[in-house]
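Q: I have a model open and some questions about it. Can we go through it piece by piece?

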Amino acid sequence: AWPDYGVHITGSDLIPASPPHCGVSGISKSSLVVAVRSSRFDLIPFLNPLFSLSMASVEVGEAGGLSDEATLHFQFHHIQAYVDSMKPLEHYKKIGDHLNQLARQGHYDPFSGGMRYLEPNAHHTRVQQGRRVWESIHPVPLSSAPITPGKEGKDKLGYVAAGQDFVEQLIVGLGWRVTAEYVGVRTRSLLVTSSDARGVKFVVTSLSPPREQCSAAKGSQAQEEEAGGGYECYDHFDSCHVNRFLASHDGRQGFAVLGFEVGEGECDKILARYMAKSPELLVSQEGVKTYRDSRVIEGKRRVEIDLGSMKVLDVFAYHSEGGKTGDNGTVLRFVERKGSFEGRPGFANPGGVLPGLCDVNPTFDGTSIPAYSDHWVSNVLDREGFLTTLEQTLGFAPKVDFNAGVIAAGDAIIESTVIGNTAAKVSSRKEALSNQAQVYLPVNNALSSHGHVASFIRELGQGVQHIASRVDDLVSFVERVNNYRSLTVQTSTKMSTPNPFMRTIPFSTIRQSITGRGASKTINPIP
């Protein structure tokens, strides 16, 4: 590994930083430079490109003009959720290890290249046998509440739907693993993914628990000293964002940040458009923040090696009621990656998800189910206003527009529009599954005081109603989740397999039904 060289910041026109934090030596009139000491670096990045940063800089983007009307390039990138609490990393790794032990007592799965305990369409006796095997491996129930037969809110297995640990649900139900961790001054984050790190990426963040519970207590203590005792080196992990989101959502946890990857130079273009059209939606007046991964070698002459950079721009998704200010809840994040931050097929690169995340060397068994982002749904006060903002700043366009009264159930009436970018068409089923370039954002608003959209906004405020992901085989996915729920008394509420009738409806019938009820546009199926 490289020695932990100090980072020397040079430049003219420096203004003393106040308060100094994260190793900031000073602030120039054009940029804020941040030096962060490296906690880990793998010398051969092509074998294992997982490393934390030795130096980062935050630059102030310039607004510029709107002369460039070229189409922007988008991909689903990551979702950041703020949760009430998380257990130590060792707890989640132990669950993963025990699930791997269970899989090794099964059989080899040639499709995944790993071992798994339950095959598709497993007989119920095999499931019951697996329950006994699991209890011998992991004798302590995963559920935080003790299993008491007959207790209200629990089913016959002892499963409780409320109060579940989100990270545990992903590990057990989907076979995912914690693949990276960040331990900061006041927050802690875990990256949870499937065995295909190009798919859905959940960054789960909570305010820091007592320091002795953290898996990297020594490292975070050193970081806290370096940060001046209270500031995060990475803005996307700062506790102020967690507190702001919780305050705007009645203290409830939820999906707080929707992250998109954009093309080279496009973060600055998006910033320019927001500054021209909706400057009140900028989360920070600093604009685009740039984190650089570089190495400084001191010898007879000083050499600085630039390995890569990552730009990050955060904007509030919605306007508050009245449209004069930004709603302090949900954030849209745009990231632009170069060099060591870029993703590579077959490689997990936590630093390329968000700077500061460090690899924790996960092991997947043969039951991990890859999933890929399909659409992210918002409930808002002003649907037309949100659509206009996305059109003006990102170039998005409505794809499907359900007129008033089309979506109704009793007294519950909503309007809904699916908006998104225009991506290149795909030619194969395999590419259609994993390609993340087509972004769909359904947007709902309530027309009555009844129903789930109205109650969501009334109780929580505007925000992300749900996220939807694609899997290769939905029926097998549901079966897998239900089987592992029976094995472990964990994961999620029992799900129903899609009705076979719904799977056999011709698309022409669905299209005719949609267009006949007020939709102005339809989405053509993939051949």
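**Cysteines, cores and a helix**

A: Cys267 is buried, at a relative accessible area of 0%; buried means under 20% relative accessible area, exposed over 50% and partly exposed in between, with a 1.4 Å probe and protein chains only. This is a predicted model, in which local features need pLDDT of at least 70, side-chain atom pairs count only at pLDDT 80 or more, and totals for chains, interfaces and linings use all residues. Residues are numbered from 1 along each chain as its sequence is written, and side-chain values use heavy atoms, leaving out hydrogens and water.

Q: And Cys240, what does that count as?

A: Cys240 is partly exposed, with 38% relative accessibility.

Q: How many disulfides?

A: The count is zero, taking a disulfide as a pair of cysteine sulfur atoms within 2.5 Å.

Q: What does the chain average in pLDDT?

A: The average is 74, and 65% of the residues score at least 70. pLDDT is the predictor's confidence in each residue, from 0 to 100. Residues 210-229 have pLDDT below 50, and that stretch has 34 contacts in the model beyond near neighbours in sequence. Contact means heavy atoms within 4.5 Å. Residues 514-527 are also below 50, with 25 such contacts.

Q: Switching topic. Which residues have the most contacts inside the largest nonpolar core?

A: Phe74, Phe260 and Phe334, in a core of 73 residues. A nonpolar core is a set of buried Ala, Val, Leu, Ile, Met, Phe, Trp, Tyr and Cys residues joined through side-chain atoms within 4.5 Å.

Q: What does Phe260 touch?

A: Leaving aside residues up to four places away in sequence, its contacts include Phe74, Phe334, Trp376 and Leu441. A second, separate core has 15 residues, among them Tyr234 and Val353.

Q: Now helix H10. What should its span be?

A: H10 covers residues 474-488, and its 15 residues should span 21 Å at 1.5 Å a residue; the end C-alpha atoms are 21 Å apart, which agrees. The expected span is 1.5 Å times one less than the number of residues. Helices are DSSP runs of H or I, at least four residues, numbered from the N terminus.

Q: Where is its N-terminal cap?

A: At Asp473, where a side-chain oxygen lies 3.2 Å from the backbone nitrogen of Val475.

Q: Is H10 mostly covered or exposed, and what covers it?

A: Mostly covered, with eleven of its 15 residues buried. Helices H1 (89-104), H2 (124-137) and H3 (166-174) are among what covers those buried residues.

Q: And Thr488, buried or exposed?

A: Thr488 is buried, at 3% relative accessible area. A polar atom of its side chain lies 2.7 Å from the backbone oxygen of Tyr484.

Q: What follows H10?

A: Val489, with a positive phi near 55°.

Definitions and conventions. Helices (H or I, at least four residues) and strands (E, at least two) are DSSP runs, numbered from the N terminus. A polar contact is a pair of N or O atoms within 3.5 Å; within protein, one must be able to donate a hydrogen and the other to accept it, and residues adjacent in sequence count only if both atoms are side-chain atoms.
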